[in-house]
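Subject: Structure handover

Hello,

Here is the structure you are taking over. Please have it open while you read the notes below it.

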Amino acid sequence: MDRTEKRHRKDIEKHRPYDEMKARKQAGKIRRAMQKGKGEARENRVTEDNWEELLDRHGPSRKRPSLNDIIADLRESPGEFGEGDFDRAGIVISVSSGRCRVFQDGRELDVLVPGDVAARQKSALAVGDRVIVDETSKLTAVLPRRTVLARPDPHMKHVQRLIAANVDVVVHVVSLKSPPLRPRLIDRFLIAIQRGGAQPVICVNKIDLIESPAALPDLDPYRDLGVAVIPCSTKTGEGLEALRAQVEGRMTALVGHSGVGKSSIINALDTSLTIATNTLHRRGTGRHTTSASTLYDFGGGTYLIDTPGIREFGLWDLDRESLRDYFPEFEEAAEHCRFTNCTHVHEPDCEVKERVEHGELNRARYETYVRLWRDLE
Ligand code: GDP
Ligand code: ZN
């Protein structure tokens, strides 16, 4: 039995949700694609392993010029739905208790969410969901999701709360000061984003607050993983074009601690949008202006989702073995560890530890790995 098959059996034994298995498969794909090299070389080489991924990225489903195209996608793979259903399909732009707002056919509708959906609403419905609404403005179905962005419920750790659905890109916004940057948080966000199937981007905001670029933290380990790192400032406008290039024609969620500047970034990307930006509390902690996720249609297939300030992503139901998938940079070294099942935490003759000692692998990333590994006990 190979590793994949073993894992698959374990999943079935443990009744793991399908979404999660799919998310892991996606992470595996990303990992394999990364191993094949970075940047252009990786993009262009089609192999048996990556053709599906390349098709996803370059095929017609990747760009979404309009909501009509999203609906056209649905028509192509209708699943259990009838043709007529899609005439009443729309996209969720915000969710409140018992109701949601939906873009449908160029209109914005106030839609009733019936009891059975409402009962599980936080996990059953999310901003970005494609839904079917009947003539009486009642929600009748939530269509299958391509990706999810989720975190565990702060009070019930086993319950998954959806932050957004069907996002192509998730921009993790961090700021250099007020609140200060904690690079370790980035690793958790990255894992949560990749698990849900979206492409992560790191945006370092408020660079106007530092004296020189030399004061920027070292985020090269993330660049080496193929993650775009974009320093920017909504005050000076620096980096905003690079950010725009990442989100254009795609559905993007902005996540991060409250006060890092998510709303300001959305405003800066489209000055016609006016979202109340908050001023920081005297204590230095951000105040919430947005209490739930909201989707903004920028036209031309560009959708941005502003999410509530999230301090931290807990990692629900991640096991130690799948943790490795999110540290692909260790993989080559791992082949040289004395034990084939080396965890790189406590074993002797561990090549990963060796390379961390010699500065060939990033120490901060390794320390995060060890911390997460211990947390997952
Ligand atoms: P959010 O909670 O992440 O949506 O953050 P906001 O967009 O509300 O911004 C929080 C505070 O940071 C506000 O006072 C903004 O004016 C400020 N801010 C946002 N972007 C920048 C920036 O690039 N530089 C500086 N110096 N302040 C910024
Ligand atoms: Zn090892």
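Predicted model: local features only at pLDDT ≥ 70, side-chain atom pairs only at ≥ 80, totals over all residues.

**Confidence and overall make-up**

The protein chain has a mean pLDDT of 76, and 68% of its residues score at least 70; pLDDT is the predictor's confidence in each residue, on a scale from 0 to 100. Two stretches fall below 50. Residues 33-65 are one of them, with 34 contacts in the model beyond near neighbours in sequence. Residues 276-290 also have a pLDDT below 50, and that stretch has 26 such contacts. A contact here is a pair of residues whose C-beta atoms, placed from the backbone, lie within 7 Å.

Residues are numbered from 1 along each chain as its sequence is written, and chains are lettered from A and ligands numbered from 1 in the order in which they are written.

The protein chain has 15 helices and 13 strands. Helices (H or I, at least four residues) and strands (E, at least two) are DSSP runs, numbered from the N terminus. Of the 377 residues, 32% count as buried. A residue is buried if 20 or more other C-beta atoms lie within 10 Å of its own, exposed if 12 or fewer, and partly exposed in between, with C-beta atoms placed from the backbone. Among contacts between residues at least 6 apart in sequence, 63% join residues at least 24 apart.

**The nonpolar core**

A nonpolar core is a set of buried Ala, Val, Leu, Ile, Met, Phe, Trp, Tyr and Cys residues joined through C-beta atoms within 7 Å. In soluble globular proteins, nonpolar side chains tend to be buried together. The largest core in this model has 70 residues, and those touching the most other members are Val92, Leu149, Ala164, Cys203, Ala253, Leu254 and Ile305. Helix H8 (residues 183-196) gives the most to this core, with six residues.

What does Leu149 touch, leaving aside neighbours within four places in sequence? Its contacts are Ile163, Ala164, Val167, Val170, Ile193, Gly196, Ala198 and Ala253.

**Strands**

Two strands count as paired if DSSP finds at least two bridges between them. Strands S1 (residues 89-96) and S2 (residues 99-104) pair antiparallel over five bridges, and Val92 stands opposite Val102 in S2. Two residues separate the strands of this hairpin, where Gly98 takes a positive phi near 80°. S2 is also joined to strand S3 (residues 107-112) by six bridges, again antiparallel. Here Phe103 stands opposite Glu108 in S3. The hairpin of S2 and S3 has two residues between the strands, and Asp105 in the turn has a positive phi of about 55°.

Strand S13 (residues 303-306) has two partners to look at. With strand S11 (residues 251-255), S13 pairs in the parallel sense over four bridges, and Thr252 has Leu304 as its bridge partner.

In helix H11 (residues 262-269), the buried residues are Lys262, Ser263, Ile265, Ile266 and Leu269. They lie on the same side of H11 because they cover an arc of only 160° around the axis, the arc being that of the directions from the helix axis to the C-beta atoms. These residues pack against S8, strand S9 (199-205), helix H10 (240-247), S11, S12 and S13.

Is Leu176 buried or exposed? Leu176 is buried, because 20 other C-beta atoms lie within 10 Å. Leu176 sits in the loop between strand S8 (169-175) and H8. Beyond residues up to four places away in sequence, Leu176 touches Leu181, Val204, Lys206, Ile207, Leu209 and Ile210.

Arg184, in helix H8, is partly exposed, with 13 other C-beta atoms within 10 Å. The C-alpha atoms of Arg184 and Ala364 are 7.6 Å apart, although 180 residues separate the two in sequence.

Regards
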